[in-house]
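Trainee: I would like to learn how to read a structure feature by feature. Could you take me through one slowly?

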Amino acid sequence: MGLLTNIGILYQCRPDGAQADVHPIRDAALAWEGDRITWVGPAADLPAGFDAGERWDAGGRLVVPGLVDCHTHLAFGGWRAEEFVAKLAGASYLDIARAGGGIASTVARTRAASTESLVARCRDHLREMAALGVTTVEAKSGYGLDREHELRLLDVYRTVQAQVPQTIVPTLLAAHTVPPEYRERRERYVDLVVDEIIPAAAARGLARFCDVFVEETAFSPAEGRRVLEAGLAHGLVPKIHADQITDTGGAALAAAVGAASADHLERVDDAGIRAMAAAGVVAVTLPLASLYLHQPPVAARRLIEAGVRVAVATDFNPGSAPSFHLPFAMTLAATLQRMTPSEVLKGVTSVAAAALRLDGTLGSLEVGKRADAAIIDAESIDHWLYHLRANACVGTLIGGRRV
């Protein structure tokens, strides 16, 4: 049994209510048994018997649910700093991809990396993410782009899960782009994804989601639909990289196939927004990618006002978002996307959990949910996002364990 006391403000961030409803409790306490929350509320109302175990003093600080990064490309080989410089000189994302850079260059480095080095690198990243208060991480494949290496990346995530306290949510992204060896026979690569990679990943229980990048340099909407429907047939929930560089109708496709989320959405149109709202698809915004690609940010206000739940994630990858600093992405969501701090906080907790279909078990501080929480050294969530620091998190609880 554990008890967190002397909490200045605790934000429950329950799934109910509007995007800005974060359910604050002042002078709060939080109790857990094993890895589950057993009580939460004003400290003055704490029932007898809940203070018998280990006590942890929050020092009058904020307590929020453990942060959920619901879009990362966690396992990859190498970096791409040279592209960062090229972009500063005016090269576009599409220019770099057409020249053989971008995803294709990371694929080559990832294929060449040892499994041991990929595991160690993921573990190191996750340790730093835990220190930021991140307790759940979605992790995509997508830098293997053949049967052997796509399954290897998902195996890496399974291995890493046994070595870290966070919840790792694996996503198959074999349809990230067409690899160079299939460039002149792209239909054959889609066949490989549909007929071999998806069935193998599903049969081994290596992924919960199936994702596809629908874009000019990647896959057409028709190809994307084929991939996602194949994933559905094998029990993998759809996700989609939608409308990032150009408006391809990805948001509408996400709605049509019942996707858990449509991610990016910098170029989404009104019809796509309406379709997502009607289908209950979560929008996952990635402001670090907007920053690094010099793109207009996602119109989060349009999405929220249309009734679409909006999550915020890092898109951590070596090209367009080379940072796993979710609190920095949160500040960018406020400054670039014009989300309020309360909307952002819900977007990295219960809404992000909904993008992973996990909002019934984590993402909010409620009895019966996983005991994941972060202690934040700030006087309010407004001040937290306003005063950007290297790290305002002073303690992280994951599954009832202090890390």
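**Reading helices, charges and cover**

Mentor: Helix α5 passes helix α6 in a right-handed crossing, and please keep in mind throughout that this is a predicted model.

Trainee: At what angle do α5 and α6 pack, and how far apart are their axes?

Mentor: Two packed helices are described by the angle between their axes together with the distance between those axes. Here α5 and helix α6, which covers residues 186-203, pack at an angle of about 30 degrees, with their axes 10 Å apart. That makes α5 roughly parallel to α6, because angles under 35 degrees count as roughly parallel.

Trainee: At what angle do α4 and α5 pack?

Mentor: Helix α4 (residues 115-131) and helix α5 (residues 147-161) pack at an angle of about 50 degrees, and their axes are 10 Å apart. That makes α4 oblique to α5, and the crossing in which α4 passes α5 is right-handed.

Trainee: Let us turn to charged side chains. How many salt bridges does the structure hold?

Mentor: Side chains of opposite charge can pair when their charged atoms come close. The structure holds 21 salt bridges, among them the one in which the side chains of Arg111 and Asp146 meet, at 3.9 Å from N to O. Arg111 lies in helix α3 (residues 103-112), whereas Asp146 lies in the loop between β7 (134-140) and α5, so the pair ties together parts that are 35 residues apart in sequence.

Trainee: Are Arg111 and Asp146 buried or exposed?

Mentor: Arg111 is partly exposed, with a relative accessible area of 25%, while Asp146, at 17% relative accessibility, counts as buried, because buried means under 20%.

Trainee: Which residue forms a salt bridge with Asp35?

Mentor: Asp35 forms a salt bridge with Arg36, and the closest N and O atoms of this pair are 3.3 Å apart. Asp35 is partly exposed, with a relative accessible area of 30%, and Arg36 is partly exposed as well, with a value of 32%.

Trainee: Are Glu366 and Lys369 buried or exposed?

Mentor: Both Glu366 and Lys369 are buried, and their side chains meet in a salt bridge of 2.8 Å, taken from N to O. Salt bridges also link Arg61, Asp377 and Arg389 in a network.

Trainee: How many of the residues of helix α12 are buried?

Mentor: Of the 12 residues of helix α12 (residues 326-337), 9 are buried, so this helix is largely enclosed by the rest of the structure. The buried residues of α12 include Leu326, Pro327, Met330 and Gln337. Just after α12, Arg338 takes a positive phi of about 60 degrees.

Trainee: Where is Val22 placed, and how far is Val22 from Ala259 in space?

Mentor: Val22 has its place in the loop between β1 (2-11) and β2 (24-33), and at 5% relative accessibility Val22 counts as buried. Val22 and Ala259 are 237 residues apart in sequence and 25 Å apart in space, from C-alpha to C-alpha.

Trainee: Which residues form a nonpolar patch on the surface?

Mentor: Phe84, Val85 and Leu88 form such a patch, and together they have about 300 Å² of accessible area. Phe84 has its place in helix α1 (residues 81-88), and Phe84 is partly exposed, with a relative accessible area of 41%.

Definitions and conventions
Residues numbered from 1 in each chain as written. Predicted model: local features only at pLDDT ≥ 70, side-chain atom pairs only at ≥ 80, totals over all residues. Heavy atoms only, no water. Patch = residues over 30% accessible without salt bridge, like charges linked within 9 Å, V, L, I, M, F, W, Y side chains within 5 Å. Areas by Shrake-Rupley, 256 points an atom, 1.4 Å probe, with all protein chains shown as cover. Salt bridge = Lys/Arg side-chain N within 4 Å of Asp/Glu carboxyl O. Helix = DSSP H or I, 4+ residues; strand = E, 2+ residues; numbered from the N terminus. Buried < 20%, exposed > 50% of the residue type's maximum accessible area, 1.4 Å probe, protein only. Axes fitted to C-alpha atoms, helices over the stretch in contact; angles between N-to-C directions. Parallel < 35°, antiparallel > 145°, perpendicular 65-115°, else oblique. Left-handed = near helix turned anticlockwise from the far one by under 90°.
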